[in-house]
Amino acid sequence: QVRLMESGGGLVQAGESLRLSCTASGYFYSINSMAWYRQAPGKQRELVATIIRGGSTNYLDSVRGRFTISRDDAKYAVFLQMNNLKPEDTAAYYCKVNVVAPGLGIQDYWGQGTQVTVSS
């Protein structure tokens with residue numbers, strides 16, 4: 001079983017910054033990719049940013065240049081630095097990790113979500 005603990009959400013004004021954190025714990029051999037998704041009310045969940053082992057990253061077009069994803073493999077953690085936040089960034093943000101788990105092979109695990117609200 002792999003558990004993900006997210007933190008860092010909150011209420012900010014447009015133009016301000018937030019840093020989301022997600023730490024994995026439990027039983028796994030290694031973490032392959034780590035990612036952040038978001039879901040706004042009435043909308044589908046969308047991929048915001050990914051980072052694979054080795055450090056290559058990819059971003060949703062609307063956040064590229066404002067958000068930065070990073071990972072600390074020693075702490076099994078992934079971060080999302082969000083700058084110049086806009087009201088349209090308001091959503092619940094979820095981290096997802098892809099791991100190699102004992103007896104299960106490659107598995108995806110999701111966090112519970114952390115709310116980000118940006119006021120205009």
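In this predicted model, four strands make up an open sheet in the order β1-β3-β8-β7, with antiparallel pairing throughout. The ends of that order are β1 and β7, edge strands with a single partner each, so one side of each has no neighbour in the sheet. From one strand to the next, the twist averages 15°.

Going through the sheet pair by pair, β1 and β3 come together through six antiparallel bridges, and V2 has G26 of β3 as its bridge partner. Next along, β3 and β8 are also antiparallel, again over six bridges; here C22 sits opposite V78 in β8. The remaining pair, β7 and β8, is joined by six bridges and runs antiparallel, with T68 facing Q81 of β8 across the pairing. These two strands, β7 and β8, also form a hairpin, with four residues between them. In its turn, Y76 takes a positive phi of about 55°.

Now for β9, which covers residues 91-101 and pairs with several strands. It's a mostly covered strand, with 10 of its 11 residues buried. With β4 (residues 30-39), β9 pairs in the antiparallel sense over eight bridges, and I31 stands opposite V99 there. V99 turns up again in the pairing with β10, where its bridge partner is Q107. That pairing of β9 with β10 (residues 105-110) is antiparallel and runs over six bridges. The two strands make a hairpin with three residues between them, and G103 in the turn has a positive phi of about 75°. There's also β11 (residues 114-119), which pairs with β9 in the antiparallel sense over three bridges; A92 stands opposite Q115 in this case.

What about the interior? The largest nonpolar core has 32 residues, and W36, L80, M82 and Y93 have the most contacts inside it. At least two core residues come from each of β1, β3, β4, β5 (46-51), β7, β8, β9 and β11. The largest share belongs to β9, which puts in six residues.

Leaving aside residues up to four places away in sequence, L80 touches L18, R19, L20, W36, V48, A49, F67, T68, I69 and Y93. Two of the names on that list, W36 and Y93, are also among the residues with the most contacts inside the core.

Away from the strands, S62 lies in the loop between β6 (57-59) and β7. Is S62 buried, exposed or partly exposed? At 40% relative accessibility, S62 counts as partly exposed, because the intermediate class runs between the cut-offs of 20% for buried and 50% for exposed. For a sense of scale, S62 and A101 are 39 residues apart along the chain, and their C-alpha atoms are separated by 33 Å.

Methods:
Residues numbered from 1 in each chain as written. Predicted model: local features only at pLDDT ≥ 70, side-chain atom pairs only at ≥ 80, totals over all residues. Heavy atoms only, no water. Buried < 20%, exposed > 50% of the residue type's maximum accessible area, 1.4 Å probe, protein only. Pairing = 2+ DSSP bridges. Core = buried A, V, L, I, M, F, W, Y, C linked by side-chain atoms within 4.5 Å. Contact = heavy atoms within 4.5 Å. Axes fitted to C-alpha atoms, helices over the stretch in contact; angles between N-to-C directions.
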